[in-house]
Every structure is written in structure tokens, then in C-alpha cells.
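User: I would like to learn how to read the features of a protein model, beginning with the general idea and then turning to the case at hand. Could you guide me?

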Amino acid sequence: MGLGFFLGSTLTILDAGGLYGLGSLYFLVAFSFGYLLFDYFMALALPVYFLVGFALRLSLGDFHPESIYNDPEIASRVLFPFAISSFLGVVGNYSMRQLEAHLSSLAYRDQATELPNRAKFEELLRDEVVRFNEKGRGFILYAFKLHHLSRISGNRGVDYLNEVLRGFVDRMRDLCQGDGIVGRISESIFGLVLANEPGVDQRAREMIETLYDPLRIRDSIEYLQLSCGILRYPEDRIAPA
């Protein structure tokens with residue numbers, strides 16, 4: 001789609017808008033509706049490319065006899081609405097992309113920990129299953145359940161609890177060392193996906209010991225209580241009936 005508009009804009013520039021010069025107006029109208037279908041770079045670059053290219057083409061003259069640009073007054077004034085249109089297109093596209101990113105963050109990110117929420121985590125798990133089907137690479141899902149979070153929230157407040165959770169999440173990220181997936185499955189359950197390697201039980205014990213270490217939050221020490229469930233894929237998958 002974007003490539004087609006790029007080629008079309010190039011032809012429109014070279015032909016100075018066609019027989020009557022109105023092709024440039026048709027292009028701007030089409031762009032105002034079609035830019036949402038472009039990738040981010042094309043949606044920003046195309047209106048600027050068209051504006052600069054058409055300004056250079058107008059400076060060369062030599063239009064079709066019926067072209068509106070044979071009128072010097074029209075040729076000199078047409079670039080202003082083109083510039084306004086291009087500016088609004090760039091600003092509108094940028095604002096739309098920022099809004100999409102924000103809505104995506106709200107839909108797929110846990111706001112307290114900035115982790116993928118359950119919906120996004122399940123999507124990432126499905127990607128891991130697809131990767132296994134394609135490349136034969138299994139994975140292990142560790143599910144850590146934190147206990148007594150309501151007690152912490154009741155005694156110290158929600159903001160303090162969120163600091164505790166972020167400290168816990170930082171340790172989980174350290175455990176996977178950038179090679180795994182960390183997500184929040186529920187209010188008290190966090191998931192960690194790592195490659196399926198030998199020594200699963202031993203590694204789980206080591207991770208629990210690390211996560212058990214007390215956290216220093218503000219002026220307090222928090223001792224976390226947690227349990228861990230393990231699923232190995234494909235070993236633990238349920239065969240279809």
C-alpha cells in the first residue's frame with residue numbers, strides 16, 4: 001500500500017498533477033484516508049517527500065496547456081495548503097501511533113510492574129508452542145505464587161505493595177538473564193518461561209531460594225512467602241482425547 005502511494009506520488013510530481021494539474025489534489029485527499037494503512041516511516045516520510053518534490057516540479061514550469069499551474073498566481077499559492085496538509089498528516093499520524101502504543105500498553109501491560117499481563121503472556125506462550133512445532137525447542141513454565149499480599153497491602157498500602165512486587169520482578173528478570181519471558185498471570189501469580197534444559201527441579205529450588213531472600217523496601221525488610229509450580233513442554237502437555 002505504502003509503496004503504491006510512493007510510486008503514485010512520484011508520477012504525480014513528474015507530471016505536475018496530470019493534464020489539468022488536479023492529480024496533486026487527488027493525491028492529498030487519498031493520503032488523508034490511506035495513511036493509516038502505511039507503516040510508521042512511510043506515513044511520516046510520504047507527505048514531506050510529496051511537498052518537497054512538488055515544489056521543485058512547480059519551479060521548473062513546462063505544464064500541460066490545460067493545467068491550472070499555468071496561472072502563476074495558483075502555482076505560487078498552492079504550496080501553502082499542501083504544506084498545511086502535509087503538516088497535519090505528519091502530526092495526525094504521529095499522534096495516532098502514540099495513542100495506539102498507549103492503548104496497547106493498557107491492554108497488554110500490567111500497570112503496577114510493567115510486565116506483560118495475562119492476555120499478553122498467553123500470547124507469548126502460544127508463540128513458544130509454535131516455535132516448538134517449527135524447531136523442536138521446548139520450554140519450561142515456572143509459576144510463582146506470592147502469599148499474603150493482602151496483608152502487606154493492608155498494613156502498608158497499595159503503593160508499598162507495588163514496590164515489593166517490582167523488587168520481586170527485578171529478581172525474576174535477573175534469573176532469566178534476558179533469555180526468558182516474565183509475565184504477571186494474576187494478582188499473586190507470576191510466570192517465567194525458560195528453555196527446556198536438564199536439571200529443572202534443581203534450578204527451581206535455586207530460584208526459590210533466590211526469590212526467598214528478603215527485600216529491602218524503603219526503611220523495611222520484607223520476607224516473601226511463595227510456592228512454585230512447573231510445567232515442562234512438551235513433556236507435560238495433555239494429549240488430545
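Analyst: What follows is a short tour of a sheet, a helix and the residues around them. This is a predicted model, in which local features need pLDDT of at least 70 and side-chain atom pairs count only at pLDDT 80 or more, while totals for chains, interfaces and linings use all residues. Residues are numbered from 1 along each chain as its sequence is written, and side-chain values use heavy atoms, with hydrogens and water left out.

User: How do I read a sheet, and in which order do the strands of the open sheet run here?

Analyst: Strands of a sheet pair through backbone hydrogen bonds, either parallel or antiparallel. Helices (H or I, at least four residues) and strands (E, at least two) are DSSP runs numbered from the N terminus, and two strands pair if DSSP finds at least two bridges between them. Here 4 strands form an open sheet in the order β2-β3-β1-β6, with antiparallel pairing. Its edge strands, each pairing on one side only, are β2 (181–184) and β6 (226–233). Neighbouring strands are turned by 20 degrees against each other on average, direction ignored; axes are lines fitted to C-alpha atoms, for helices over the stretch in contact, and angles run from 0 to 180 degrees between N-to-C directions.

User: Which residues are bridge partners in β3?

Analyst: Strand β3 (residues 189–195) pairs with β1 (residues 139–146) over 7 bridges, and Ala-195 of β3 is the bridge partner of Phe-139. With β2 there are 4 bridges, and here Val-193 of β3 is the partner of Ile-181. The strands β2 and β3 form a hairpin with 4 residues between them.

User: How enclosed is β3?

Analyst: Buried means under 20% relative accessible area, exposed over 50%, and partly exposed in between (1.4 Å probe, protein chains only). Of the 7 residues of β3, 5 are buried, so this strand is largely enclosed by the rest of the structure. Helix α8 (residues 158–176) lies across β1, β2, β3 and β6, running at about 10 degrees to β3. Arg-173, found in helix α8, is partly exposed, with a relative accessible area of 36%.

User: How do I read the faces of a helix, and which residues of α6 are buried?

Analyst: An α-helix has 3.6 residues a turn, so residues three or four places apart point the same way. In α6, the buried residues are Phe-121, Leu-125, Glu-128 and Phe-132. Seen down the helix axis, they fall within an arc of 50 degrees, so they line one face of α6; the arc is that of the directions from the helix axis to the C-beta atoms. On the other side of α6, Arg-126, Asn-133 and Glu-134 are exposed. What covers the buried residues of α6 includes β1, β2, β3 and β6, where contact means heavy atoms within 4.5 Å.

User: What is found at the start of α6?

Analyst: There, a side-chain oxygen of Asn-117 reaches to within 3.3 Å of the backbone nitrogen of Ala-119. Asn-117 lies in the loop between α5 (79–108) and α6, and is buried, with a relative accessible area of 16%. Among the residues that Asn-117 touches, not counting those up to four places away in sequence, are Tyr-108 and Arg-184.

Definitions and conventions: A polar contact is a pair of N or O atoms within 3.5 Å; within protein, one must be able to donate a hydrogen and the other to accept it, and residues adjacent in sequence count only if both atoms are side-chain atoms.
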